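My entries follow in the order I looked things up.

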Amino acid sequence: MRAARSTIHRWGVYATEFIPAGRKVIEYTGERIARRETKRRAESSDLVYLFTLDSYWTIDGSVGGSGAEYINHSCEPNLAARIIKGHILYMSLRDIKPGEELTVDYNFEKKVEKIPCSCGSPKCRGTINLR
C-alpha cells in the first residue's frame, strides 16, 4: 500500500499489489481515548481521524496510526470495517487491483452534521451520513 493524493479527499491509500476478496488489508490503529477526550479532539480540529470502537472508546489515528486513517469514504467501498476483539480491521469486500484507491463506507449516523460526499461513485448518496 502507498499513500498519495486522492481525487476523493486530500490523501488516500492505494493498493500496490492485487488484494483478493475477503482478506485482512490493514488494522486501524492509534491512541485509545475515552468519550470526553474524543469530544474535545473532535471539536478542536478540522482534520479528525477518530474511529469509534465502542460506546466508551475511540481510536485516534492521528496519534500512532497505521496509515488506515487516510483511507477515504466511498458510497461503493472496496473495504469494510470489522471490529473484532477490540481491534478495527479493514477487510476487502472484493478483489482489488493494483493502483486502486482503498475506500470504506464511514457510515456516519443520520443525527450528526451532514457531510457532503465526493466519492464519485455512480451509487453516491451525496453525503457520508447514512440515510
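**Entry 1: the pocket.** I started with the lining of the largest pocket. I found 46 residues there, and Val48, Leu50, Tyr106, Phe108 and Ile128 lie nearest the pocket's centre. I keep in mind that the model is predicted. For the volume of the largest pocket I noted about 1600 Å³.

Which elements give two or more residues to this lining? I listed helix 1, strand 5, strand 7 (72-73) and strand 8 (79-84). Helix 1 gives the most, with four residues.

Next I sorted the lining by residue class. I got 27 nonpolar residues, nine polar and ten charged.

Entry 2: Three of them form an open sheet, in the order 4-6-5, with antiparallel pairing. At the edges I have strand 4 (31-34) and strand 5 (50-52), each pairing on one side only. I wrote down an average twist of 35 degrees from one strand to the next.

Strand 4 and strand 6 (residues 57-60) run antiparallel to each other over four bridges. I checked alanine 34 and found its bridge partner in strand 6 to be tryptophan 57.

**Entry 3: the helix on the sheet.** What does helix 1 (residues 35-44) touch when it packs on the sheet? I noted contacts with strand 4, strand 5 and strand 6. The direction of helix 1 makes about 105 degrees with that of strand 4.

I end with a link between the entries. Helix 1 packs on the sheet, and helix 1 also gives four residues to the lining of the largest pocket.

Note on methods: Residues are numbered from 1 along each chain as its sequence is written. This is a predicted model: local features need pLDDT of at least 70, side-chain atom pairs count only at pLDDT 80 or more; totals for chains, interfaces and linings use all residues. Side-chain values use heavy atoms; hydrogens and water are left out. Two strands pair if DSSP finds at least two bridges between them. Axes are lines fitted to C-alpha atoms, for helices over the stretch in contact, and angles run from 0 to 180 degrees between N-to-C directions. Contact means heavy atoms within 4.5 Å. On a 1 Å grid over the protein atoms alone, a cavity is a set of points where a 1.4 Å probe fits but cannot get out, and a pocket is an open set with protein on both sides within 12 Å along at least five of seven lines; lining residues have an atom within 4 Å of a point. Grid points are joined across faces, edges and corners, and a volume is the space filled by probe spheres set on the points. Ala, Val, Leu, Ile, Met, Phe, Trp, Tyr, Cys and Pro count as nonpolar, Asp, Glu, Lys and Arg as charged, and the others, Gly among them, as polar.
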